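User: I am new to this structure and would like to go through it step by step. Could we begin once it is on the screen?

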Amino acid sequence: MSGRGGDTAIVILAGGAATRFPGKLERCIDGEPMLLRVYRNARATAWPVYIAGGGSFAPEIAARLDAPALADRWPGGGPLRALLSACEAIGYDRVFALAGDEPRADRTLLEALAAAWQAGDEAVVPEHGGRIEPLAALYARTAVLRAGRMAIAWGDDAMRALVERAKTRFVPVSQSYFVNVNTPEDLRRAMRMSH
């Protein structure tokens, strides 16, 4: 399968249970629901965009998500399983995993990660301050299928397990791209940072 972006697609992971902050993807940052901001950032690139594991969103949000939805084989099973399920459903060579709660990961970041990709790479993952961001990273689809299945078979379904099992290039980036929103306080911090 190919599309406007050739061999690369973006998969927004939007199926988490958000038990610490129910409904967080619909919460607003600067008047825009977080998921729609992530979607807008993804659509600003040349690559096709998919929504993985998306549950039911408010009608006004769902109406603006005109990307194909990918069913999750393991609903609530976490981001690695959601990404693996997405990679089984689409045929692009490379797939960006982009968390639905990463409102600051924008076109500039995604294009920089794609530009850093070199022959032989299976993943390009941002790092900052000793931390990695596997939910705003670019992966070879074949590596997700191979290493993701292997990690799950070994009982380790964390995204870090995929990163560790793939030929990964780490790219230093600004921490300002990353504000994971898992609690109401995280959301308040993200809103302060956007001003």
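User: With which side chain does the side chain of T8 make a polar contact at 3.2 Å?

Analyst: That partner is the side chain of R94. A polar contact is a pair of N or O atoms within 3.5 Å; within protein, one must be able to donate a hydrogen and the other to accept it, and residues adjacent in sequence count only if both atoms are side-chain atoms. The T8 side chain also makes a polar contact with the side chain of D7, at 3.0 Å. Please note that this is a predicted model, in which local features need pLDDT of at least 70, side-chain atom pairs count only at pLDDT 80 or more, and totals for chains, interfaces and linings use all residues. Residues are numbered from 1 along each chain as its sequence is written, and side-chain values use heavy atoms, with hydrogens and water left out.

User: Is T8 buried or exposed?

Analyst: T8 is buried, with a relative accessible area of 0%. Buried means under 20% relative accessible area, exposed over 50%, and partly exposed in between (1.4 Å probe, protein chains only). T8 is found in strand β1; helices (H or I, at least four residues) and strands (E, at least two) are DSSP runs, numbered from the N terminus.

User: What does T8 touch?

Analyst: Leaving aside residues up to four places away in sequence, T8 touches W47, P48, Y92, R94, F96 and L138. Contact here means heavy atoms within 4.5 Å.

User: Where is R94 found?

Analyst: R94 is found in strand β6, and T8 stands opposite R94 there. Strands β1 (residues 8-13) and β6 run parallel and are joined by 6 bridges. Two strands pair if DSSP finds at least two bridges between them.

User: Why is β6 described as largely enclosed?

Analyst: 6 of the 6 residues of β6 are buried, so the strand is largely enclosed by the rest of the structure. R94, F96 and L98 lie on one side and V95, A97 and A99 on the other, and both faces are covered. In a regular strand the side chains alternate between the two faces of the sheet.

User: Which way does β6 run relative to β9, parallel or antiparallel?

Analyst: They run antiparallel, with 5 bridges joining β6 (residues 94-99) to β9. F96 has L138 as its bridge partner in β9, and L98 has A136. Strand β7 (residues 123-128) is likewise antiparallel to β9, through 2 bridges, and V124 is a bridge partner of L138.

User: How many residues of β9 are buried?

Analyst: 5 of the 5 residues of β9 (residues 136-140) are buried, so this strand is also largely enclosed by the rest of the structure.

User: New topic: how many residues does the largest nonpolar core have?

Analyst: It has 66 residues, and those with the most contacts inside it are I10, V11, I12, L83, L98 and Y139. A nonpolar core is a set of buried Ala, Val, Leu, Ile, Met, Phe, Trp, Tyr and Cys residues joined through side-chain atoms within 4.5 Å.

User: And A46, where does it lie?

Analyst: A46 lies in the loop between α1 (34-43) and β4 (49-52). A46 is partly exposed, with a relative accessible area of 46%.
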